[in-house]
Amino acid sequence: MLISRLCPNIHSIPQIGACTPNHETRSKAVSGRPKASPQLNRWSRARALRSGRKLDRSSPRTQTLEPNHHQPTVSLPVEPDDAVSADGAEVRTVKSIYIVSDGTGWTAEHCVNAALGQFDYCLVDHGCPVNTHLFSGIDDGEKLLEIIKQAAKEGALLVYTLADPSLASAAQQACKLWGLPSTNVLGPITDAIASHLGVSPSGLPRGASGIPLSADYFRRIEAIEFTIKQDDGASPQNLAKADIVLTGVSRTGKTPLSIYLAQKGYRVANVPIVMGVEMPRTLFQVDPTKVFGLTINPAVLQDIRKARAKTLGFGSEARSNYAEMDYVREELEFAGRLFAQNPVWPVIDVTAKAIEETAAIVLRLYHDRKHKFTMPRISKLY
């Protein structure tokens, strides 16, 4: 679908409407960077403020692009992070990634963050800082092209999940004409599933099918409410109602892991292990296949507890064995003996694991046991 038909009110990008097979014409269209969008500049500044970054309020500097035979001299404003500091020192260029979606944008953002994890060795303090900008709910052609114009101005990478085929086609065409690198996250896998099922996709963003409050939605809300009420050993009489029960010493990540699993629709209860405090009898009466023990390296646990004690205002003069290494080791050994007495409980070492990694292990084991799979998997029937 032609971009000019999708966005008839866009007049500032004549080179897109003048798409011809002539190579010279296309060269001019690609090399001509579109002007900045004041609205998107305001969005970027607001995002920076929310993320806690300080904004340089000095007047923007400009840089002049070298003229060539096909393009007049163009002056573009340069972001402070991309410029040269006042004393003449060179500043590393911050690369931008624009994430665009006609839904929540969670899928694209999650994919980008997962991919960025492969570059931890060089991000920010090691030479290749990156800024991500999420634009969700973009279901209008004019808004889409405004964002692409801004991305082209910054020389950004565009990552998009657009269920509407006309919007996805317009994004692809605009990026191609402006020479903007882009990735369509959902397109290839949607086409593959459509071919596999032998049916066509709806072309609607997820949640726009006319049933926004589905049974799955209410199930997740109920799971979150249940999990919050069962936090930190509360209401142990309800452990039998939980899908998953987590247990471990303090600061092994039981609460954040519980909330993360609850957002996926699982009712989770967590029970702390504390020396000198009797464990609830219901913990040993529930189905042992849904109980999971959490453990951690003693040195790491001590560091976490020290930080926790500091945030609670406990100074070094405060007499507490909470973060002392001898007590930490003793408590972990106590938990280890409890786990050994219940060999059916899987014990997961959460040291250096993200919540998502631990959750993946829990869910894989949970589904393996529930469905008696011969191969590790997490299955869900749609």
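**From a loop residue into the core**

Arg251 is partly exposed, with a relative accessible area of 34% (buried is under 20%, exposed over 50% and partly exposed in between, using a 1.4 Å probe and protein chains only). The model is predicted, so local features need pLDDT of at least 70 and side-chain atom pairs count only at pLDDT 80 or more, while totals for chains, interfaces and linings use all residues. Residues are numbered from 1 along each chain as its sequence is written, and side-chain values use heavy atoms, without hydrogens or water.

You'll find Arg251 in the loop between strand 7 and helix 10 (helices are DSSP runs of H or I with at least four residues, strands are E runs with at least two, and both are numbered from the N terminus). Its phi is near 75 degrees, a positive value in a residue other than glycine. Most residues other than glycine have a negative phi. Ser235 also has a positive phi, near 50 degrees. Look for Ser235 in the loop between helix 9 and strand 7; at 29% relative accessibility, it's partly exposed.

Now step along to helix 10, residues 254-262, where Lys254, Leu257, Ser258, Leu261 and Ala262 are buried. They sit on the same side of helix 10 because they cover an arc of only 135 degrees around its axis, taken from the directions from the axis to the C-beta atoms. Residues three or four places apart in an α-helix point the same way, because there are 3.6 residues a turn. What do the buried residues of helix 10 pack against? Their partners are helix 9 (215-229), strand 7 (244-248), strand 8 (268-272), strand 9 (291-295) and helix 13 (355-371), with contact meaning heavy atoms within 4.5 Å.

Helix 13 holds Tyr366, which is buried at 10% relative accessible area. Beyond neighbours within four places in sequence, Tyr366 contacts Asp243, Ile244, Tyr266 and Phe292. Pro346 is 20 residues from Tyr366 in sequence, and their C-alpha atoms are 9.9 Å apart.

Next comes the largest nonpolar core, with 34 residues; Ile244, Leu261 and Leu283 have the most contacts inside it (a core joins buried Ala, Val, Leu, Ile, Met, Phe, Trp, Tyr and Cys residues through side-chain atoms within 4.5 Å). Strand 7, helix 10, strand 8, strand 9, helix 12 (325-341) and helix 13 each supply at least two of its residues, and helix 12 gives the largest share, five. Leu283 touches Leu239, Val245, Thr247, Val271, Val291 and Trp345, leaving out residues up to four places away in sequence. A second, separate core has 22 residues, among them Leu158, Leu162, Ala170 and Ala174.
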